[in-house]
Amino acid sequence: QVQLVQSAGGSVQAGGSLTLSCAVSGRTFSSFVAGWFRRATGKERQFVAAIRWDTNYTVYADSVKGRFTIARDNAENAVLLQMSSLNPDDTAVYYCAASLVRLNEALVRATRGYNYWGQGTQVTVSA
């Protein structure tokens with residue numbers, strides 16, 4: 001069993017930065033994968049980024065590549081999403097997610113690849 005507890009989100013102006021945190025507790029294995037997804041109003045939940053726990057290999061959606069960074073916080077046993085150069089299109093509820101099994105390139109980007117989810121946190125970017 002894995003528990004994911006997300007930090008609060010926030011509101012920023014376009015061009016600003018924000019870091020989200022997701023504390024991970026419970027059993028993890030070398031195959032553990034943590035990811036971030038987001039859902040904008042009226043849209044499907046979409047993949048943002050993921051990290052493989054054993055290799056720190058990262059994967060990003062094209063829309064955030066170069067602006068967002070996913071990373072482990074080993075001291076806090078958490079997964080971070082560092083967001084910069086934010087724009088209004090990044091406004092959404094952000095969810096962290098976790099899988100106890102290794103995911104291939106397709107599943108790592110799919111909601112069905114993840115068994116555990118955080119509670120979601122709102123990020124609002126104003127123009």
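Author: One aromatic cluster is formed by F37, F47, Y114 and W117. This is a predicted model, where local features need pLDDT of at least 70 and side-chain atom pairs pLDDT 80 or more, while totals for chains, interfaces and linings use all residues. Residues are numbered from 1 along each chain as its sequence is written, and side-chain values use heavy atoms, without hydrogens and water.

Reader: How many aromatic pairs does the count come to?
Author: Five. Rings of Phe, Tyr and Trp (its six-membered ring) pair if their centres lie within 6.5 Å; planes under 30 degrees apart are stacked, over 60 edge-to-face, the rest tilted.

Reader: What kind of pair are F32 and W53?
Author: Their ring centres are 5.0 Å apart and the planes stand at 75°, so the pair is edge-to-face. F32 is in the loop between β3 (18–26) and β4 (33–39), W53 in the loop between β5 (46–52) and β6 (58–60), so the pair ties together parts 21 residues apart in sequence. Strands here are DSSP runs of E, at least two residues, numbered from the N terminus.

Reader: Are F32 and W53 buried or exposed?
Author: F32 is buried, and W53 is too. Buried means under 20% relative accessible area, exposed over 50%, partly exposed in between (1.4 Å probe, protein chains only).

Reader: And what about F37 and Y114?
Author: Their centres are 5.2 Å apart and their planes at 80°, so this pair is edge-to-face. F37 is in strand β4 and Y114 in the loop between β9 (92–99) and β10 (116–117), 77 residues apart. Both F37 and Y114 are buried.

Reader: Which residues have the most contacts inside the largest nonpolar core?
Author: W36, L81, M83, Y94 and Y114, in a core of 40 residues. Such a core is a set of buried Ala, Val, Leu, Ile, Met, Phe, Trp, Tyr and Cys residues joined through side-chain atoms within 4.5 Å.

Reader: New topic. Where does R45 sit?
Author: R45 lies over the face of Y95, 3.8 Å from the ring centre. Its charged end also sits over the ring of W117, 4.7 Å from the centre. The rule: NZ of Lys or CZ of Arg within 6 Å of the ring centre and within 35 degrees of the ring normal.

Reader: Last one. Where is D90?
Author: D90 is in the loop between β8 (78–83) and β9.

Technical notes:
Helices (H or I, at least four residues) and strands (E, at least two) are DSSP runs, numbered from the N terminus.
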